[in-house]
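This report describes one protein chain for a reader who has not seen it before. The sequence and the model come first, and the description follows.

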Amino acid sequence: MRTLVLILLILASASMADAQGFPALQLTEAEGGTTYSLSLQILALMTALTVLPSIVLGMSAFTRIIIVLSILRQALGTQQTPPNQVLIALALFLTFFVMQPTLSTLYTETVNPYLQGQIDADTAMAQGSATIKEWMVRNTRQNDLLMFSEMAGVGPFAAPADVPFPVILPAFMTSELKTAFQIGFLLFLPFLVIDMVIASILMALGMMMLSPMLVSLPFKLLLFVLVDGWALTVGSLAATYGGP
């Protein structure tokens, strides 16, 4: 009954809105300007929110950081500890920390003047794109950038702002993946040595039924805590990026 009543209320509300002439999409042009209806604005906002995760992944330091943290968790052998929510939160906060100089420059030179009406939307988009491109080009390997430039048939570029987004985005992502796996390899080696030593000792003692991963886990955790591994990992990740 409650479900039926709820459906009837929704249908009644839709009928009332239709009776009052509330359109789903509306464009009103007056005095040379265009005003969009609330429904169309909400649709544009929801579309932007859907694309936002891809923008965060493709144009920030989040990709490198989350991959390195995931490889570190796998090297420790702690299964789902720390959980995915904790790793994502740490990666997001570290991403904001790494990109804080760039975001401050973006707000000072682009967002704030646009909000105060000093520059128009086109100028703000151009300045903001140039700031983001400069940071991405600085943290992209030259070989990857040249490869995608040659594939697209564009270049050479006089300045980072001249690099188009269809070229810099895949080049930046490819460079981030390569760097992340290189860092993950270096992090994996010490824990792999511990696993091999523990496995050799257990085989020498004839304990074939005892899992080497289970025995080596406390030693890996102890080593990681003694060297302050989280601080070293996070600090090293932040140091791999340049300034604003």
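## Two single residues

T95 lies in helix α4; helices here are DSSP runs of H or I with at least four residues, strands are runs of E with at least two, and both are numbered from the N terminus. This is a predicted model, in which local features need pLDDT of at least 70, side-chain atom pairs count only at pLDDT 80 or more, and totals for chains, interfaces and linings use all residues. Residues are numbered from 1 along each chain as its sequence is written, and side-chain values use heavy atoms, with hydrogens and water left out.

Is T95 buried or exposed? T95 is buried, because its relative accessible area is 5% and buried means under 20%, with exposed over 50% and partly exposed in between (1.4 Å probe, protein chains only). Leaving aside residues up to four places away in sequence, T95 touches S60, A61, F62 and I65, where contact means heavy atoms within 4.5 Å.

M125, found in helix α6, is exposed, because its relative accessible area is 59%. Its C-alpha atom is separated by 9.6 Å from that of Y114, 11 residues apart along the chain.

## The chain as a whole

The chain has 10 helices and two strands. Read along the sequence, the pattern is α-β-β-α-α-α-α-α-α-α-α-α. Of its 244 residues, 28% count as buried. Among contacts between residues at least 6 apart in sequence, 66% join residues at least 24 apart.

## Helices α3 and α4

The axes of helix α3 (residues 62-76) and helix α4 (residues 84-98) come within 9 Å and cross at roughly 140 degrees. Axes are lines fitted to C-alpha atoms, for helices over the stretch in contact, and the angles run from 0 to 180 degrees between N-to-C directions. On the α3 side, F62, I65, I66, L69, S70 and R73 meet N84, L87, I88, L90, A91, L92, L94 and T95 in α4. The residues of this contact divide into 10 nonpolar, three polar and one charged. Here Ala, Val, Leu, Ile, Met, Phe, Trp, Tyr, Cys and Pro count as nonpolar, Asp, Glu, Lys and Arg as charged, and the others, Gly among them, as polar.

## Aromatic rings

A pair of aromatic rings is described by the distance of the centres and the angle of the planes. Rings of Phe, Tyr and Trp (its six-membered ring) pair if their centres lie within 6.5 Å; planes under 30 degrees apart count as stacked, over 60 as edge-to-face and the rest as tilted. A search of the whole structure finds four aromatic pairs, including the two tabulated here.

| Pair | Centre to centre | Angle between planes | Class |
|---|---|---|---|
| W135 and F172 | 5.5 Å | 55 degrees | tilted |
| F191 and F224 | 6.1 Å | 50 degrees | tilted |

W135 in helix α6 (residues 121-138) and F172 in helix α8 (residues 165-205) are 37 residues apart, so this pair links distant parts of the chain. Both W135 and F172 are buried. The pair of F191 in helix α8 and F224 in helix α9 (residues 212-226) also links distant parts of the chain, 33 residues apart. F191 counts as buried at 5% relative accessibility, and F224 is buried with a relative accessible area of 7%.

W135, F172 and Y241 form one aromatic cluster. The charged end of R64 sits over the ring of Y241, 4.1 Å from its centre. K133 lies over the face of F165, at 4.6 Å from the ring centre. A charge sits over a ring if NZ of Lys or CZ of Arg is within 6 Å of the ring centre and within 35 degrees of the ring normal.
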